[in-house]
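Please keep the structure in view while reading the numbered points.

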Amino acid sequence: MKDCSLPTRKECLAILAEYNVPTHIVNHSRAVAKLAVFLAQRLNENSVVIDIDLLDRACMLHDLLRVNDFKESDYNRFERNLPHEKKAKWQKLRAKYKSMTHEDAAYDILKVKYPALALAIKRHRYMAMIDENEKPDTWEEKLLYYADKRVMHETIVPLKDRLAEGHKRNVLSHGSSAQSKINTAEVDLLIEEMEKEIFEKIGLNPLEVTEEFIDS
Ligand SMILES: [Fe+2]
């Protein structure tokens, strides 16, 4: 993975600014990167080889097109006195990528310049766990996927809390069906297995890994 081309942290911030990513999403991305890099460092100490720069940059850009998932009526909640140009930019992006998930849209934008990073982003989609072609496979992909499922807004929370919040949000926007409930149970189980795989290697309890723990 070391030979892949990557943006610097500064370049990531420039890309986020170019796409007018709302501040709360940038802050969420920083929190995901912080947790993912912490876990990667602990795994590295336990002889697991991980490209930490790739992981960090993929986390920073993973929600580049998250605005694609929001309704226009949500835009004013993102920012007080939202400038017209920003709103227009989001409307334009939404029109361009409306048939895609935010993960696929970011993949599409980044795949030529940063293929490994783009693929990790594509594979952080919740349902990717049960998709044979898109299941997170490398450690970088797994840690981005997992860390995103532990960070609610900007806070590290227990996995079950974040998953419950995601399910609640999903039912509100898409309604519930018997099939989606089955799939959700299957995906949640696979994420729990992923958590076990990570934490068994680093010898920590997932619940003790909080922001304060990482900073201590
Ligand atoms: Fe995210």
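1. Helices (H or I, at least four residues) and strands (E, at least two) are DSSP runs, numbered from the N terminus. By this rule, Thr184 has its place in helix 10. The model under review is a predicted one, in which local features need pLDDT of at least 70 and side-chain atom pairs count only at pLDDT 80 or more, while totals for chains, interfaces and linings use all residues. Residues are numbered from 1 along each chain as its sequence is written, and side-chain values use heavy atoms, with hydrogens and water left out.

2. Buried means under 20% relative accessible area, exposed over 50%, and partly exposed in between (1.4 Å probe, protein chains only). Thr184 is buried, its relative accessible area being 18%. Contact means heavy atoms within 4.5 Å; not counting residues up to four places away in sequence, Thr184 touches Tyr126 and His167. Thr184 and Tyr126 are 58 residues apart in sequence, and their C-alpha atoms are 9.0 Å apart in space. Asn183 also lies in helix 10, which spans residues 178-202. Asn183 is buried at a relative accessible area of 17%, and its contacts, leaving aside neighbours within four places in sequence, are Met127 and Ile130.

3. Which residues coordinate the iron ion? Donors are N, O and S atoms within 2.8 Å of the metal (3.2 Å for Na, K and Ca); water is not among the atoms, so sites may look incomplete. The iron ion is coordinated by His28 (NE2), His62 (NE2), Asp63 (OD) and Asp148 (OD), at 2.1 to 2.5 Å. Along the chain, these donors follow the spacing H-x33-H-D-x84-D. His28 lies in helix 2 (residues 23-45) and His62 in the loop between helix 3 and helix 4 (75-78), so the pair ties together parts that are 34 residues apart in sequence. Both His28 and His62 are buried.

4. The geometry of the iron site calls for a rule. Four donors count as tetrahedral if all angles lie between 85 and 135 degrees; four count as square planar and six as octahedral if opposite donors are over 155 degrees apart and all others between 65 and 115; anything else is irregular. The angles among the 4 donor atoms of the iron ion run from 85 to 177 degrees, and the site is irregular.

5. Helix 1 (residues 9-18) has Cys12, Ile15 and Leu16 as its buried residues. These cover an arc of only 100 degrees around the axis, which puts them on the same side of helix 1; the arc is that of the directions from the helix axis to the C-beta atoms. As background, an α-helix has 3.6 residues a turn, so residues three or four places apart point the same way. The buried residues of helix 1 pack against helix 2 and helix 3, whereas Lys10 and Ala17, on the other side of helix 1, are exposed.

6. In helix 6 (residues 102-110), the buried residues are His102, Glu103, Ala105, Ala106 and Leu110. Seen down the axis of helix 6, they fall within an arc of 165 degrees, so they line one face of the helix. Their packing partners are helix 3 (52-61) and helix 7 (115-122). Glu103 is buried, with a relative accessible area of 8%. Leaving aside neighbours within four places in sequence, Glu103 is in contact with Ile121, Lys122, His124 and Arg125.

7. How do helix 6 and helix 7 lie relative to each other, and what is the angle at which they pack? The angle is about 175 degrees, with the axes 8 Å apart. Axes are lines fitted to C-alpha atoms, for helices over the stretch in contact, and angles run from 0 to 180 degrees between N-to-C directions. Angles under 35 degrees count as roughly parallel, over 145 as roughly antiparallel, 65 to 115 as roughly perpendicular and the rest as oblique. Helix 6 and helix 7 are therefore roughly antiparallel to each other.

8. Backbone angles form the last point. Most residues other than glycine have a negative phi, and most peptide bonds are trans. Ser47, in the loop between helix 2 and helix 3, has a positive phi near 70 degrees and is exposed at a relative accessible area of 68%. His153, in the loop between strand 1 (151-152) and strand 2 (155-156), has a positive phi near 55 degrees and counts as exposed at 57% relative accessibility.
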